[in-house]
Amino acid sequence: MGHKDRKISDNTKIECVEMRIVGLTGGISSGKSTVSNLFKSHDIPVVDADIVARDVLKKGAGGYKRVVAAFGEDILQANGEVDRPKLGQIVFSDPGKRQLLNRLLAPFISSGIFWEILKLWLKGCKVIVLDIPLLFEAKMDKWTKPIIVVWVDTETQLQRLMARDRINEEDARNRTNAQMALDLKRSKADIVIDNSGTIEDLEEQFQKVLVQVTEPLTWTEFWLSRQGAFSALASIIIGVVVGKNVLSKL
């Protein structure tokens, strides 16, 4: 199925061929970011939860204030920004602190994601990919259809993570164990991309997935998309109100 020529930018209206919110998830070093970039290269807009999370942790942001209040100024760099690698070491080695961090940032990340969805929807974009590592854990899978999981076997995942981040096996296992098992995510997926092979294998699978996600919607999917958009708008309003109440108490 062909695609219209279109460029994604803040000042350019996006013209997409369908209305669909696609969920994209995986595990650390599974290749999810590679698949996300493939969607972008085919002019499919991607809302990246990692980028949203970085924004809410910037100095002065609501998430920043809550995290510094909870973890102390020891996690800050000299310029006052959060030292992300240091914070990562703290939460990856302590499940309780990891859960605390997730609870603190979840409202800000969720509202940020919904704002991005709304902006794309208002521009007329009808195919959106939500790139969310914690798609199932954050219960955001209910917003998306289909759900794509980028999967690799455990040994391949560990080896790739150790090579990428130059860490030992124990640290790599701590990081993978901090996430929902990829096999469990695979069981919840509508579409599985097996990234245990070569990049050529991955790209071949992606082309088939691209055809699926750009197919015309069924009537059921159409109405679910409309309902999802209205629900997202309601959630944004609620999130902003709750966020202001929280910040007023800090």
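In this predicted model, Phe206 has a relative accessibility of 0% and is therefore classed as buried. Its ring takes part in an edge-to-face pair with Phe39, with 4.9 Å between the centres and 80 degrees between the planes. Because Phe39 belongs to helix H1 (residues 32–41) and Phe206 to helix H9 (residues 199–213), the pair ties together parts that are 167 residues apart in sequence. Phe39 is likewise assigned to the buried class, at 0% relative accessibility.

The pair formed by Phe114 and Trp143 is tilted, since the ring centres are 4.6 Å apart and the planes stand at 55 degrees. Phe114 is part of helix H5 (residues 95–122), whereas Trp143 is in the loop between strand E3 (127–131) and strand E4 (147–151), so parts 29 residues apart in sequence are tied together. Both Phe114 and Trp143 are buried. In total, the count of aromatic pairs comes to 2.

The charged end of Arg186 is placed over the ring of Trp151, at 4.3 Å from the ring centre. For Lys188, the charged end sits over the ring of Phe136, and the corresponding distance to the centre is 5.9 Å.

Arg98, a residue of helix H5, is buried without forming a salt bridge. The nearest side chain of opposite charge is that of Asp94, 6.9 Å away; a salt bridge would require a nitrogen-to-oxygen separation within 4 Å. When neighbours within four places in sequence are left aside, Arg98 is in contact with Val91, Phe92 and Ala178.

Across the whole structure, 8 salt bridges are found. One of them connects Arg175 with Asp165, with a separation of 2.8 Å between the closest N and O atoms. This pair links distant parts of the chain, Arg175 being in helix H7 (residues 169–177) and Asp165 in helix H6 (residues 154–165), 10 residues apart. Arg175 is partly exposed at 21% relative accessibility, as is Asp165 at 27%. Through salt bridges with shared partners, Arg164, Asp165 and Arg175 are joined into one network.

A further salt bridge brings together the side chains of Lys145 and Asp190, at 3.0 Å from N to O. Lys145 is in the loop between E3 and E4, and Asp190 in the loop between helix H8 (182–188) and strand E5 (191–194), so that the pair links distant parts of the chain, 45 residues apart. The relative accessible area of Lys145 is 46%, which places the residue in the partly exposed class; Asp190, at 38%, is also partly exposed.

Key
Residues numbered from 1 in each chain as written. Predicted model: local features only at pLDDT ≥ 70, side-chain atom pairs only at ≥ 80, totals over all residues. Heavy atoms only, no water. Phe/Tyr/Trp six-rings, centres within 6.5 Å; stacked < 30°, edge-to-face > 60°. Helix = DSSP H or I, 4+ residues; strand = E, 2+ residues; numbered from the N terminus. Buried < 20%, exposed > 50% of the residue type's maximum accessible area, 1.4 Å probe, protein only. Lys NZ or Arg CZ within 6 Å of the ring centre and 35° of its normal. Lys, Arg positive; Asp, Glu negative; His and termini not counted. Contact = heavy atoms within 4.5 Å.
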